[in-house]
Amino acid sequence: MYRYVCFWDDSYSMGYTQKVKASRYRSLSTEEFRDFLSSIKKHRPDLYDLVLWCTLAGWRLSDILDLKWSKIVDSPEGMVVDRTQLKTKNPLLFPIKMAMKEVLLRQKKNSKYVFGGQADVSLTGQKLCRICDTYGIKRVSFRELRPTFATHRINTGTPLIFLKN
C-alpha cells in the first residue's frame, strides 16, 4: 500500500509530492486523540501521565520509561532534559513545556525513574491495546503516539527540521 506525501525542498523553496510506502502506524486526529486521552484519564489514570508525556514529547516508550530525575536540569532557558536516546544513542537536550512540568509534579520522586523505569515491562504497546479493548476505547498503541505528536506539530507550523532533530 502506498500513499502520497508532500515534502518541502529548501534548496528550491518549493514543495513536491512523492509516492512512499504507507506506514502501518497511523496518526490520530485531534478529535480521536482528545477522546482517547479523556478515556485513559477516566479508566486508567495511572497511565494518563505516561501517555500525555509520550504525545507532548514525541519520544519512544523506551526513552520515556528510562527517564531519570537526575537528567532533568535547570538551565538559563528553563527546565530541560539532558540525556542520550536509547535506540539512536543521539544526545538529547529537550526543553520542558508547562504541560510537561505539570506531569512531572504529579509523579512520585521515591524512585530514580520518573515513570517507573525499564523494569516496568507491564507498560507495553500491547498492554495499552488490551486496555483500549477492555474499556471500549478505539485501539491505540504507544507506537502511534509518536506520529500523532509529529502530525500535530506540523499542523501548528513547526518546521520539519526541528522535528527531525
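User: Which exposed residues does the face of α4 turned away from its buried side carry?
Analyst: In this predicted model, helix α4 (residues 98–106) has three buried residues: Met-100, Val-103 and Leu-104. Looking down the axis, those residues fall within an arc of 100 degrees, so they line one face of the helix. Here buried means under 20% relative accessible area, exposed means over 50%, and partly exposed is in between (1.4 Å probe, protein chains only). On the face turned away from the buried side, the exposed residues are Met-98 and Leu-105.

User: What do the buried residues of α4 pack against?
Analyst: A contact here means heavy atoms within 4.5 Å. Helices (H or I, at least four residues) and strands (E, at least two) are DSSP runs, numbered from the N terminus. With those names in hand, the packing partners of α4's buried residues are α2 (45–57), β3, β4 and β5 (91–95).

User: What rules apply to the numbering and to which atoms and residues count?
Analyst: Residues are numbered from 1 along each chain as its sequence is written, and side-chain values use heavy atoms, with hydrogens and water left out. Since you're looking at a predicted model, local features need pLDDT of at least 70 and side-chain atom pairs count only at pLDDT 80 or more, while totals for chains, interfaces and linings use all residues.

User: Where does pLDDT stay under 50?
Analyst: pLDDT is the predictor's confidence in each residue, from 0 to 100. The protein chain averages 77, and 78% of the residues score at least 70. The stretch where pLDDT stays under 50 is residues 1–20.

User: How many helices and strands does the protein chain have, and in what order do they run?
Analyst: Count them up and you get seven helices and five strands. Going from the N terminus on, the order is β-β-α-α-α-β-β-β-α-α-α-α.

User: What is the order of the strands in the open sheet?
Analyst: Two strands pair if DSSP finds at least two bridges between them. β3 (residues 72–75) and β4 (residues 78–84) pair in the antiparallel sense over four bridges, and five bridges join β4 to β5, also antiparallel. That gives an open sheet of three strands in the order β3-β4-β5.

User: Which strands stand at the edges of that sheet?
Analyst: Start from the strand order, β3-β4-β5. An edge strand here has a single partner, so one side of it is left without a neighbour in the sheet; the strands placed that way are β3 and β5.

User: Which residue takes a positive phi in the hairpin of β4 and β5?
Analyst: There are six residues between these strands. The residue in question lies in the loop between β4 and β5 and isn't a glycine, yet its phi is near 65 degrees. At 57% relative accessibility it counts as exposed: this is Lys-89.

User: How far apart are the end C-alpha atoms of α1?
Analyst: The expected span of a helix is 1.5 Å times one less than its number of residues. For the 14 residues of α1 (residues 30–43) that comes to 20 Å, and the model agrees, with its end C-alpha atoms apart by 20 Å.

User: What arc do the buried residues of α1 cover?
Analyst: The buried ones are Phe-33, Phe-36, Leu-37 and Ile-40. The arc is that of the directions from the helix axis to the C-beta atoms. These residues sit on the same side of α1, because their arc is only 95 degrees.

User: Why do residues three or four places apart in an α-helix point the same way?
Analyst: Think of α1, where the face turned away from the buried side carries the exposed residues Arg-34 and Lys-42.

User: Which residue just after α6 takes a positive phi?
Analyst: In α6 (residues 142–155), Phe-142, Glu-144, Leu-145, Thr-148 and Phe-149 are buried. Their arc is only 150 degrees, which puts them on the same side of α6. Just after this helix, the residue with a positive phi of about 100 degrees is Gly-157.
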